[in-house]
Amino acid sequence: MKTKGVIILLLSLMGVATAARSQKLIEYTSGMGSRDPQRPSVWILYKDVVATHEGMTLYADSAHYDTELNSFTAFRDIVIRLSDTTTIYGDRLFYDGNTRVIDIWADTVVLIDGGNVLRANHLTYERNTSTAYYNEWGHGTSADRTLDSRKGQYNSAIKVFYIYDDVQLTDSTMRLVTDTLVYTTDDQVAHFRSATHIYSDSSLIYSELGDYNTDTRFASSYHASHVENQGHMIDSDTLYYDEVAEFGRAYGNVKIKDTDNDITCSGRYGETHRKRRYSYVTDSAHVLFVDAGDSLFLHGDTVYLTTDTANRLSTVRANHHVKVYRRDAQAKCDSAFYNAADSVLTLYSDPVVWYEHYQCTADTIELHHDTSGVRIVYLRTNCFAVEQVDLNKFNQLKGRQGIVYFRNGEPLYADILSNAQMVYYITDDGPDGKPQLVGANVGVGTDMRIYFDTTHAASRVVTYDKPDMQTYPVMDLPQEMQRLPDFRWLTARRPRSPEDVFRW
C-alpha cells in the first residue's frame, strides 16, 4: 500500500511537470525595456511593443510582462491579431498566457471578425473557445444588422452572437426586442426562447419560442404565436409567417381576426394571405362576427374569408356541416355563403332556419340584413314553415316559394307563394284564461300571407286566389290532414348554444 501511494504521487508530480512544460511562454520585442525593481520577474517594456503567443500577435505602446506568471499587461493603442479575420482594439489589456484568456478595456473596445463587429467597454476573450464575453452593454453589427444587449457573447469560430437582457436586433426594415437571443450570422437567423416582439412597417410578430430570418423576413414560432398586420391578427400555437408575401400558416388553437370588420375565424389549422386578400380555417372551424350588435357563430368543416382592395370584408364561405347560432336565430345546412356587399347570407343544400319557435326549410334560404338585423328572408323552392303548438300538433305552411319580411329585426308578415298549403290551429281563451286549441284550418290556395303580432306569433292568415279551406274541431281533424306532405320536425338538430355549432 505504501509503495502504491508513492507511485501515485510520482505520477501526479510528473503530470504537473509535463503541464508546466506544455505551457508556451509569451515572446516579445520592444524598443526599450527593464526589470521592475520591486518584482524581478516583471519586465517593463516601452516603445513599439510586440508580443506573440501561440498564433496571436499583440501590439501596444507599453506593457508589463511577468515571466513567472506568463502574463502580459499592455497599455494604449492595443491591437490584437487573433487570426487573418479576427482583430481586437483597446486601450488596456491583461492576458494570461496559461489560460489563454484576454481581458481588454477602453472607452470602446472593438472586436472585428470579418463582417461582424462587437463593441463594448470591456471584453473577455477566451482563445480556447474563440468566444468574447461582455457584462455591461455591448453593441454588435453584422452586415446591416445591429445587436444590442446588457450581456452577451460572440463566438468567432462559428460566427454566432449569444446575447441576453434588454436585447434588440434591428435593421432598416425591422426591430426585434427580447430577453435572450442567438443570432447566427452566416444564415442571418435570430433564434429566441423568451417573449419576443418583432416590429416592422407592416406587421408585429410576437412569439415565445421560434426563429426569424432577417434576410428573407420569415418567422417560425412554436409557442404563443401572434401576428398583427394592418387590421388582421393571427393567434396560434405554431405559426409560419412570411412578412414579404404577407402569408401565414397556423397550427393549433388558430384564431384569425379581422379587426376592421370585427370578425374572428377559429380552428385548428388556418392560412391567411393578405396580398391575395383571403384567409381560411379548417378542423373545428368557425367564424364569430357581430351582426347588429349580436354575436353570430358560423361553423363549417372549412371556412373562407375574402376582403376587397380597401380591406373591407367581401365574402365568407363555409363548406360542409354548416351550423349557425345567434341568440334569436339558428340554422344548419351543408354550405353557406355571405356576401358583405349586399349583406346576404345564403344557405345551400337542405338548409333549416329556426327563428324563436318557428322552423323554416327550403332548397335554398337567403337572409338579407341591414343595420338593424335581418330585413327579409327568401325561402326558395320547396318552402316549408313549421310552428309547434303542443307535443304532437304543428302549424304548417308550405309552398313553392316563401318570403318573410322584418322591420327593425322584428317579423311583420310572410308570403307563401304558388301552391300554398296550410294546417293552422285555432286557439281561444279557456276558463282559466289560458289559450286552448278549439279547431284547425286546413286548406290550399295559390298564395297566402301570414301576419305576426308583437310576440312574433301568427295572428292572421289570409289566403288568395281560389282558396279551398276547411275548419275542423281539434278532435275531429283527420289523421292524414295533421301533417302536410314532406313534413319534418328537426328540433333535435337545432344549435342551442355557440358550442352546439360543432355538434352534427
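Which residue in strand 38 stands opposite Ile416? In this predicted model, in which local features need pLDDT of at least 70, side-chain atom pairs count only at pLDDT 80 or more, and totals for chains, interfaces and linings use all residues, the residue opposite Ile416 is Met448 of strand 38. Residues are numbered from 1 along each chain as its sequence is written, and side-chain values use heavy atoms, with hydrogens and water left out.

Strands are DSSP runs of E with at least two residues, and helices are runs of H or I with at least four, both numbered from the N terminus; two strands are taken as paired if DSSP finds at least two bridges between them. By these criteria strand 37 (residues 410–429) and strand 38 (residues 435–452) run antiparallel and are joined by 15 bridges. The hairpin that strand 37 and strand 38 form has five residues between the strands, and Gly433 in this hairpin takes a positive phi near 85°. Strand 38 also pairs with strand 39 (residues 458–464), again in the antiparallel sense, over six bridges, and here Asp447 has Tyr464 of strand 39 as its bridge partner. Five residues separate strand 38 from strand 39 in their hairpin, where His456 in the turn has a positive phi of about 75°. Strand 40 (residues 468–473) is likewise antiparallel to strand 38, the two being joined by six bridges, with Val442 standing opposite Gln470 of strand 40.

Grid points are joined across faces, edges and corners, and a volume is the space filled by probe spheres set on the points. Of the 26 residues that line the largest cavity, Tyr358, Cys360, Ala385, Val404 and Phe452 lie nearest its centre. At least two lining residues each are supplied to the largest cavity by strand 32 (352–355), strand 33 (358–361), strand 34 (364–370), strand 35 (373–388), strand 36 (394–407), strand 37 and strand 38, and the largest share, six residues, comes from strand 35. When residues are classed as nonpolar (Ala, Val, Leu, Ile, Met, Phe, Trp, Tyr, Cys and Pro), charged (Asp, Glu, Lys and Arg) or polar (the others, Gly among them), the lining of the largest cavity comprises 22 nonpolar, three polar and one charged residues.

The second largest cavity has a volume of about 110 Å³, and its lining includes Leu296, Val324, Arg326, Leu345 and His369. Two or more residues of this lining are given by each of strand 29 (313–326), strand 30 (329–339), strand 31 (344–348) and strand 34, with strand 30 giving the most, three residues. The lining of the second largest cavity divides into nine nonpolar, two polar and one charged residues.

The largest pocket holds about 360 Å³ of space and is lined by 17 residues, among which Asn395, Tyr424, Tyr425, Thr427 and Ala458 lie nearest its centre. Strand 35, strand 37, strand 38 and strand 39 each give two or more residues to this lining, and strand 37 gives the most, with five. By class, the lining of the largest pocket has 10 nonpolar, five polar and two charged residues.

Glu243 lies in the loop between strand 22 (238–242) and strand 23 (247–258) and is buried, with a relative accessible area of 2%, where buried means under 20%, exposed over 50% and partly exposed in between (1.4 Å probe, protein chains only). The side chains of Glu243 and Tyr212 are joined by a polar contact of 2.4 Å, a polar contact being a pair of N or O atoms within 3.5 Å of which, within protein, one must be able to donate a hydrogen and the other to accept it, residues adjacent in sequence counting only if both atoms are side-chain atoms. With neighbours within four places in sequence left aside, Glu243 is in contact (heavy atoms within 4.5 Å) with Ser200, Ser203, Ile205, Tyr212 and Arg217. Arg76, found in strand 5 (residues 71–81), is partly exposed, with a relative accessible area of 49%.

Technical notes. 1 Å grid on protein atoms, 1.4 Å probe; cavity = no way out; pocket = protein on both sides within 12 Å on 5 of 7 lines; lining within 4 Å.
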